[in-house]
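I opened my notebook to record what I could look up in this structure. My entries go from the whole chain to single residues.

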Amino acid sequence: GGAGAGAADCGGGGGGAHRSGDAPDAASARPPASGTDGAALPSTDAWARACAMAHAVRWRGVPAAEALGGGGLSGAGSLRGLVRGYFPALFSISLFELERSTQFGYYACATVAFVRGKVATFGGCDFELHLNSAAASHEGLLLALHQAARGRICFREHAFVPRPRVAPWLLAAMRLASLLEHGDGVGGGRTVVTLDIHDDAKLQDAQLRALHGRLRRERKEMMITWWLAEDGAADCLVSAPLPVPRLRQAIPDPAYHTSGSDGGPGLHAHMDAGLMVAQGSELRAALLRAHRGVPFKEFLRQYVLNVPNIPHGIEEMAWDCYFDEAGWPQLLPFTLFSVHRSLIAGRDTKDPFPSIPKGEKGVPVPAAGAGAALVPPGEALRRTREEFDIGRAMFGNALACCRHSQVLDCAADSEHARASGGRAVGQRVRGQRVDVEEQISMCTVCGGDEVDPDGDALLLCDGSAADGAPCP
C-alpha cells in the first residue's frame, strides 16, 4: 500500500501524491524496458516504475498486474502475483443512526467488518464514511473504524437543517456524490466505488472485481447496477427510467415483455446505490457541462428542498433524474449496466461479528491498546462536517419513488447459486402472486417509519403536534 501515501487527505479523494503531475504521463503506464533480464535496476529507475504503476492503477483504472509490465524485470510473474491485489479504489459508504433504533449496533459492526475486509482484499484502498450527527457522536466507533482502516478513512458528517433528525436516506445520496467528484481533469480519474456495508463480502468482492474488469475491457467509465421497478418505462413515477439495453431479456416472465402501456416491457429499471463503480473523467465532465456546473449534491438539495417526505430510495430516483436531464445519448458511450446481486451479511447467525470488540448497545469499540495509537498525539481523526439545507416541510410538495418488482429476485438467485456451488448466472423466478406491502411513510422530523393505514405514502409533519408539543 505504499503507493497510497497521499491518501489521507479528506478532500481530494485520496492518493494526491500520485496525480498526473507527480508521475510519468500516460506513455509510462507500461514501464519502459531497461537493462538485461536479472539485472538489478537503479533505484531511480525502480522509483520511476513504481510511480508509473501507481499512477496507472489509481488514476487510469489499469489492473495492477497489467500496469507492472515485464520488460527488464527479473521474476516479473512473481511480482505480478504480489501486486495483483493492489486496488487503490476509494470506497464511499454511509451509516446512520435513528432514534429508538435497536439495529444500529448491527450496522455499526457491519461497517467495521466491511472496512477490515476491504483493507485485506483491496490493497491501497481508502474510505469515505458518510454519517448523520447521531452516528458521528460515537467516538469509540470512529476510533474502531480508524483502526480497521489503518488510518485511511475520512469521516464526513452531514447535518440536515433545519430538520436535523430527518432524511437519513439522504446519506445514501451523499455517498453517491463521491462517484462524480474525483476526475483529475487531465484524462484520468480516481476509481470510486459505492457499496452497501451490510452485504455478504465474498459475493460483493467477486462482483466488484468482475464489474471493474468489464469496465476495463470495454473501456467505459461508469458501471451502473440496477433493479426492476413496477410498471413500464412510460409510467415511471419520476420519468427517468434507465436505458438498460435488452431489458426484456432480463425479465424472466414473458407476461411482462409487452405489458407496458406503450407496448414495451411492463417493468423498468432504476440504479442500485448498493454497488456502483466510476472512473475516468469524460463522463464526469460531461455531466457537469450538461448541468452548467451544478454538481449532483446541489441538484439533490434542490430536488428535496421543502418536501415533507424523503422516502427510502430517494437517492436512486434523484441520481436517475440527474443523468436523464443531462441526456443519455452523450452518457451511454461511457456507461455499462449490470444487475446487482446481494446477500445480507451474517443472516444465518445470532452474532455475525464475534471478532469485533463491542461496547454499550453492541456498538464497536477499538481493540484494547491499539485504537488511539493510530491517531498521533496532537492530531485528530480526519473528519468534516457539512450542513445540508433541506428547508422546512411545505404542504403540497411530495417526492415519488418507484416500487420494486419481485419478478427479478437477485438475492434469491444468489442464494440458490451459492448453495449449489455455482455462480449467479440467471434469475430464479418467484411466484407471480405478490402480496401487497404496507405503505410506509417517514416522519419528516424524527425520521421514524410509520404505517400509513390509508395507503398514502405521504406523512405531513412540520415538527410539532396540534398543541405545539414536540413531535413524538
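**Entry 1: the whole protein**

I began with burial: of the 472 residues of the protein, 51% count as buried. Buried means under 20% relative accessible area, exposed means over 50%, and partly exposed lies in between (1.4 Å probe, protein chains only). The model is predicted, so I noted its limits: local features need pLDDT of at least 70, side-chain atom pairs count only at pLDDT 80 or more, and totals for chains, interfaces and linings use all residues. Residues are numbered from 1 along each chain as its sequence is written, and side-chain values use heavy atoms, with hydrogens and water left out.

I then looked up the secondary structure and found 13 helices and 10 strands. Helices (H or I, at least four residues) and strands (E, at least two) are DSSP runs, numbered from the N terminus. Next came contacts, meaning heavy atoms within 4.5 Å. Among contacts with a separation of 6 or more, 77% join residues 24 or more positions apart.

**Entry 2: helix α4**

I checked the span of α4, residues 104-121. The expected span of a helix is 1.5 Å times one less than its number of residues. The buried residues of α4 include Phe 104, Ala 108, Val 112, Val 115 and Val 119. What do the buried residues of α4 pack against? I listed β1 (90-95), β2 (126-132), α5 (133-136), α6 (139-148), β4 (192-195) and α8 (201-218).

**Entry 3: helix α6**

I turned to α6 and found 7 of its 10 residues buried, so α6 is largely enclosed by the rest of the structure. Those buried are Leu 141, Leu 142, Ala 144, Leu 145, His 146, Gln 147 and Ala 148. They pack against β1, α4, β2, α5, β3 (153-161) and β8. After α6 comes Arg 150, whose phi is positive, near 55 degrees.

**Entry 4: Ser 133**

I found Ser 133 in helix α5. Is Ser 133 buried or partly exposed? Its relative accessibility is 32%, so Ser 133 counts as partly exposed. Leaving out residues up to four places away in sequence, Ser 133 touches Glu 157, His 158, Ala 159 and Arg 385. The side chains of Ser 133 and Glu 157 make a polar contact at 2.8 Å. A polar contact is a pair of N or O atoms within 3.5 Å; within protein, one must be able to donate a hydrogen and the other to accept it, and residues adjacent in sequence count only if both atoms are side-chain atoms.

**Entry 5: two partners of α11**

I compared axes here. They are lines fitted to C-alpha atoms, for helices over the stretch in contact, and angles run from 0 to 180 degrees between N-to-C directions. The axes of α7 (residues 170-177) and α11 (residues 314-326) come within 8 Å and cross at roughly 40 degrees. That makes α7 oblique to α11. Angles under 35 degrees count as roughly parallel, over 145 as roughly antiparallel, 65 to 115 as roughly perpendicular and the rest as oblique. Leu 170, Ala 172, Ala 173 and Leu 176 of α7 meet Ile 314, Glu 315 and Trp 319 of α11.

The axes of α9 (residues 282-290) and α11 come within 9 Å and cross at roughly 75 degrees. That makes α9 roughly perpendicular to α11.
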